Amino acid sequence: MFLLWSGIVSAYAACPDVDALVEEARAAFADAEVQEARGTLSKAYEALGCQEATVPRESLLALYHLDALASIADEDSKAALFAVIRAVSVDPDAPPPSLFGPELASQHETWAGRLREDLVRVRVVGEGHTVWIDGLALGDEPVDLVTGEHVVQARGPQGWDSRVMDLSVGGKTKGMPVSLEAVPAPAPDPDRDPIRPPDPPPVTKRRVSPAVVTVGVVLAGAGGGAILAGSIMERGFHDDAYDADSYGGCTRSQACWADARADKIGADARAANAAYLTGYGLVGVGVGIVGLEVLVLRTSGGGHGLGLRGRF
């Protein structure tokens, strides 16, 4: 009986909880232990194949977004790209947390725009199993998913089966106790497009002021420089172990050393945040000035109101 119980405990212990691993990796990353965080995230990926409970979509997004952030911090652009694409495949409308920085947000926006319309229609073939894809339960009706890597889970009379699979047109569900059929998602019916309103009457627009555009570009450029400085400061903040022998005139042997070290950590964090905020503010003002000058031009002559120029 003891051996049987030990086997059961070992079986469960062999498959750790994905959320717990992600939180462990998040704590390591917060302590600037990037390699430790990435190692823990690798264990979380391995654990996806042995789960005996539904892995929620939020858990997968948390795993992929943190993996992308840690890979960027470790200068592993390839791993960061794969993590971003995995997150987009789960939900292209779920961007990473804003505190993860502008680089990750930009990558998500780029790949969401590219993959959003690359859909595959998936349905379960046969009966006897309940199937989830990325935490979404599949019923009798097919679902449209972004083509790519997904976590497929099936529960039937023989128990659970979880694995990471590439769902694409013509793909095979080898090894799964249930079959999935993947076909191209139908394109929108052009005959059902709404009736376009008549084109507005032509208007005469004034010339763009080069001086105003220059001011906007300069402000946006200065903001970009401040954002870059904030990124460099943030990376230095995470890489600094803050173990110098002296801070603020207090040596390690003095009682004030710990307080002086904490003040230094807080000052560095505030400096990085201030650089980010200043940069975003300048970029916003600069882009706003250029946008108002280039895209929104007041009509001249007898017309009134605003005219829009640009391609949408």
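Okay, a quick definition before we start: helices are DSSP runs of H or I with at least four residues, strands are E runs of at least two, and both are numbered from the N terminus. Keep in mind that this is a predicted model, where local features need pLDDT of at least 70, side-chain atom pairs count only at pLDDT 80 or more, and totals for chains, interfaces and linings use all residues. Residues are numbered from 1 along each chain as its sequence is written, and side-chain values use heavy atoms, with hydrogens and water left out.

So, salt bridges. By that I mean a side-chain nitrogen of Lys or Arg within 4 Å of a carboxyl oxygen of Asp or Glu. Searching the whole structure turns up eight of them.

Let's begin in helix α2, residues 18-30, which holds both Glu23 and Arg26, three residues apart, or about one turn of the helix. Their closest N and O atoms are 3.4 Å apart. Are they buried or exposed? Here buried means under 20% relative accessible area, exposed over 50%, and partly exposed in between, with a 1.4 Å probe and protein chains only. Arg26 comes out partly exposed at 29%, and Glu23 is also partly exposed, at 46%.

Next up, Arg38 and Asp76, with N to O at 3.0 Å. This pair links distant parts of the chain, 38 residues apart: Arg38 sits in helix α3 (34-47), and Asp76 in the loop between α4 (57-73) and α5 (77-90). Arg38 is buried at 17%, while Asp76 is partly exposed at 26%.

Last one: Asp161 and Arg163 form a salt bridge at 2.9 Å, N to O. Asp161 is buried at 16%; Arg163, at 27%, is partly exposed. And back to Arg38 for a moment: salt bridges with shared partners join Arg38, Asp74 and Asp76 into one network.
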